[in-house]
Each structure stands twice: as C-alpha cells, then as structure tokens.
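Subject: A structure for you to explore

Hello! Here is the structure I promised to pass on to you. Have a look at it first, and then read my notes below.

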Amino acid sequence: MTADQLLTGAEEFAAAVASDLEMLAALHDQEPSAAIVAALNQAPLQEQLALVLVSEPALSALAAFALALDEVPCPPDQAALDELAAGYADVYLRYTYRASPEESVWISEDGLQRQAAMFDAREFYRRHSLAATDRAKRPEDHLVVELRFLGRLMERQDFTEAARFLDAHLLRWVKRFAVRLVQAGAPNWYAALALLTASYLEELRDYLVELSGVERAKPEPELKKAVSPPSDAPYIPGIAPSW
C-alpha cells in the first residue's frame with residue numbers, strides 16, 4: 001500500500017498492516033515448517049506484505065531474506081528443517097548471539113529481563129482491555145507479543161496509540177536486536193527477518209505521522225554499547241555503528 005492509498009483508505013490500510021504484523025509475528029514465533037517454506041517459495045515475502053516498503057534498509061532486508069530462503073531446499077529435507085530449528089533456538093531461546101528478543105534487556109541499564117519495559121507494556125495492554133496469553137509464556141515485552149499488540153491497535157484503527165506504542169517500545173530496541181544478529185553472525189534467515197521487521201516498523205511509523213498527527217519521538221541515547229561487526233561482515237545499507 002502506498003502513501004496515496006493511505007490518505008484515501010485508512011480502514012483498508014489499518015487492516016492490511018494488521019495482517020502484515022501478524023505474519024511477521026508468526027515468523028518470529030516459531031521455527032519455519034515445511035509448509036512455511038513452501039508458502040514463501042510460492043509467494044515471496046515482498047509479495048505477501050501489503051505495505052509497500054521503499055527504504056533502502058527494507059529493500060536490502062527483503063533481498064537478504066530471499067537469499068536466505070534460496071539456501072533452503074524446496075521442499076526442505078529433514079536436515080534443512082533441523083538446521084532452521086537449531087538456528088531458531090540459538091536466536092530466541094538460548095540467546096547465543098547475545099541478542100535477546102525481549103525489550104527489557106536492551107532498555108534496562110543492567111541488561112536484565114522483566115524490567116520496567118515489561119511492566120509498561122503490560123500497562124499499555126491493560127488500558128486496551130488486553131492481556132498477553134502467549135502460549136510460550138513469554139514476558140509482555142517479547143518481540144512477538146509486542147508485534148501482535150501493535151497489530152490489534154491497527155485492527156482497531158487506533159493510530160494514535162499505535163504511534164505512541166511504537167515510540168515507547170518497539171522502535172527503542174528492535175533495530176539494535178537486528179543489528180546485533182547481523183554483527184554476531186546469526187543464521188541468515190533470522191538476521192534478515194529481524195532487519196525486515198525493524199525496517200517495516202520504521203516505515204509504518206512514518207505513515208502513522210499522517211494518520212495520527214503524532215510526531216515521532218526523539219530517539220533516546222542507547223544504554224548498551226553496540227558490538228563491533230567482524231571485519232569480514234557484509235555491507236548492508238542502513239547498518240552502521242550509529243544505530
């Protein structure tokens with residue numbers, strides 16, 4: 001969906017973005033199955049996303065994800081699925097790359113889980129009569145939970161709260177999560193997915209300025225130092241030490 005369509009069809013835009021956010025949340029939610037790999041081969045991710053991404057980081061992330069998908073046999077054999085599952089566990093469960101999918105780790109001064117960011121996110125949910133019922137019992141500031149809450153706000157066309165939630169939560173840390181995965185050499189599938197998610201949220205926030213009238217909050221200084229990329233790390237536009 002383009003900016004012109006945005007201005008003439010807010011309801012359609014909101015529904016389309018809510019669908020995109022659910023798809024992104026689902027990809028972060030669990031390791032890809034053979035059915036997911038087949039679906040992505042049949043309809044590439046850039047064709048499934050309703051929001052037309054135009055930024056250089058977003059286009060680079062889409063290209064990187066396409067390359068990661070090409071690395072997986074179609075149909076995938078058990079060895080390929082096992083490798084994807086191991087990569088998922090390393091990123092989302094074992095934090096092998098020192099890149100937690102939970103906001104508190106990035107926002108709290110000591111890098112701890114279940115800190116103020118989690119309670120603030122919980123309060124956001126409560127104000128909208130929602131509560132996290134994540135089957136994996138993730139904390140309220142987990143990436144999957146926050147993406148799904150943002151999707152609910154878009155479903156309700158609550159653009160003001162969506163803008164505020166992005167500024168207060170997702171946009172404060174998801175870029176750093178993605179960059180850390182790239183710099184630490186995480187599997188291409190998950191690094192590209194994280195980059196795409198961060199880029200999508202950035203572009204969505206720009207649209208929400210028009211829909212909500214809420215200007216973007218000024219970025220806060222980072223509390224945690226970025227990890228220096230390896231000298232042989234590939235160049236990806238939009239990834240820089242200033243992130």
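**An aromatic cluster and a helix beside it**

F124, Y125, F149 and F165 form one aromatic cluster. The model is a predicted one, in which local features need pLDDT of at least 70 and side-chain atom pairs count only at pLDDT 80 or more, while totals for chains, interfaces and linings use all residues. Residues are numbered from 1 along each chain as its sequence is written, and side-chain values use heavy atoms, with hydrogens and water left out.

Let me begin with the rings. Rings of Phe, Tyr and Trp (its six-membered ring) pair if their centres lie within 6.5 Å; planes under 30 degrees apart count as stacked, over 60 as edge-to-face and the rest as tilted. By this rule there are eleven aromatic pairs. In one of them, the ring centres of Y125 and F149 are 4.5 Å apart and the planes meet at 55°, so this pair is tilted. Y125 belongs to helix α8 and F149 to helix α9, 24 residues apart, so the pair links distant parts of the chain. Helices here are DSSP runs (H or I, at least four residues), numbered from the N terminus. Both Y125 and F149 are buried, meaning under 20% relative accessible area with a 1.4 Å probe, protein chains only.

Y125 also forms a tilted pair with F165, at 6.2 Å centre to centre and 45° between the planes. This pair, too, links distant parts of the chain: F165 sits in helix α10, 40 residues from Y125.

Among the buried ones are L143, E146, L147, F149, L150 and M154. The buried residues of α9 pack against α2, α7, α8, α10 and α11.

Elsewhere, L170 touches L143, E146, L147, L150, F165 and L201, not counting residues up to four places away in sequence; a contact means heavy atoms within 4.5 Å.

Happy exploring!

How values were computed: Buried means under 20% relative accessible area, exposed over 50%, partly exposed in between (1.4 Å probe, protein chains only). Helices (H or I, at least four residues) and strands (E, at least two) are DSSP runs, numbered from the N terminus.
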